[in-house]
Amino acid sequence: MTKRQSVIVAASLLLTIITACKTNQTSSSPAANSNNSSAQSTPDQFAAVRTTYDKECKSCHGQKGEGGPVKLEDGTKLKVPNFREGHALRHPDSDYLKQITKGGDGMPAFEKKLTPDQMNDLIRFIRQEFQAGAAPAK
């Protein structure tokens, strides 16, 4: 075998190996396989707090945070603030936390019912879902 033939055989063999490796990488790459599934399903970062909101807040504040007039079981009438506009947009997170913890103005206190993490998650949820991510006042 001449030197030229040896080079051609070696180049062909090398090309075959490179092609086989590239084919193997693209078919078994975890990144290639996971891109489709992550694009199809986005986890809901507020899944747990939605349950808390539905159970503890929705009956007064509404499904969409619109608030409004509410009549309690004891006959008391409340004007529940709208999370989407007005004062609710201007209150800092610390005001929300104080109101949730201690209650007041007809709102019950949740300090014995919710953990601090649940309260903070509720505030983040309200900011994101009802206030379009509005930054809290300072």
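Okay, let's start at R50, which counts as partly exposed because its relative accessibility is 29%. For the cut-offs, buried means under 20% relative accessible area, exposed means over 50%, and partly exposed is in between, with a 1.4 Å probe and protein chains only. Before I go on, this is a predicted model, so local features need pLDDT of at least 70 and side-chain atom pairs count only at pLDDT 80 or more, while totals for chains, interfaces and linings use all residues. Residues are numbered from 1 along each chain as its sequence is written, and side-chain values use heavy atoms, with hydrogens and water left out.

Back to R50. It forms a salt bridge with E129, with 3.4 Å between the closest N and O atoms. By salt bridge I mean a side-chain nitrogen of Lys or Arg within 4 Å of a carboxyl oxygen of Asp or Glu. R50 sits in helix α3 (residues 47-56) and E129 in helix α7 (residues 116-130), so this pair ties together parts that are 79 residues apart in sequence. Helices here are DSSP runs of H or I, at least four residues, and strands are runs of E, at least two, numbered from the N terminus. E129 is partly exposed, at 31%. D44 joins in as well: D44, R50 and E129 are linked in a network of salt bridges.

How many salt bridges does the whole structure have? The search finds seven. Another one pairs D93 with R127, at 2.8 Å, N to O. That one also links distant parts of the chain, with D93 in helix α6 (residues 93-102) and R127 in helix α7, 34 residues apart. Is R127 buried or exposed? Buried, because its relative accessibility is 6%, whereas D93 is partly exposed at 32%.

Now a local one: R124 and D121 form a salt bridge, 2.9 Å between the closest N and O atoms. Both lie in helix α7, three residues apart, about one turn of the helix.

On to the cysteines. A disulfide is a pair of cysteine sulfur atoms within 2.5 Å, and the whole structure has zero. C57 is in no disulfide, and its nearest cysteine sulfur, on C60, is 8.8 Å away. C57 is buried at 13%, while C60 comes out partly exposed at 22%.

Last stop, D74, in the loop between β1 (68-71) and β2 (77-80). D74 counts as exposed, because its relative accessibility is 61%. Its side chain makes a polar contact of 2.7 Å with the side chain of T76. A polar contact is a pair of N or O atoms within 3.5 Å; within protein, one must be able to donate a hydrogen and the other to accept it, and residues adjacent in sequence count only if both atoms are side-chain atoms.
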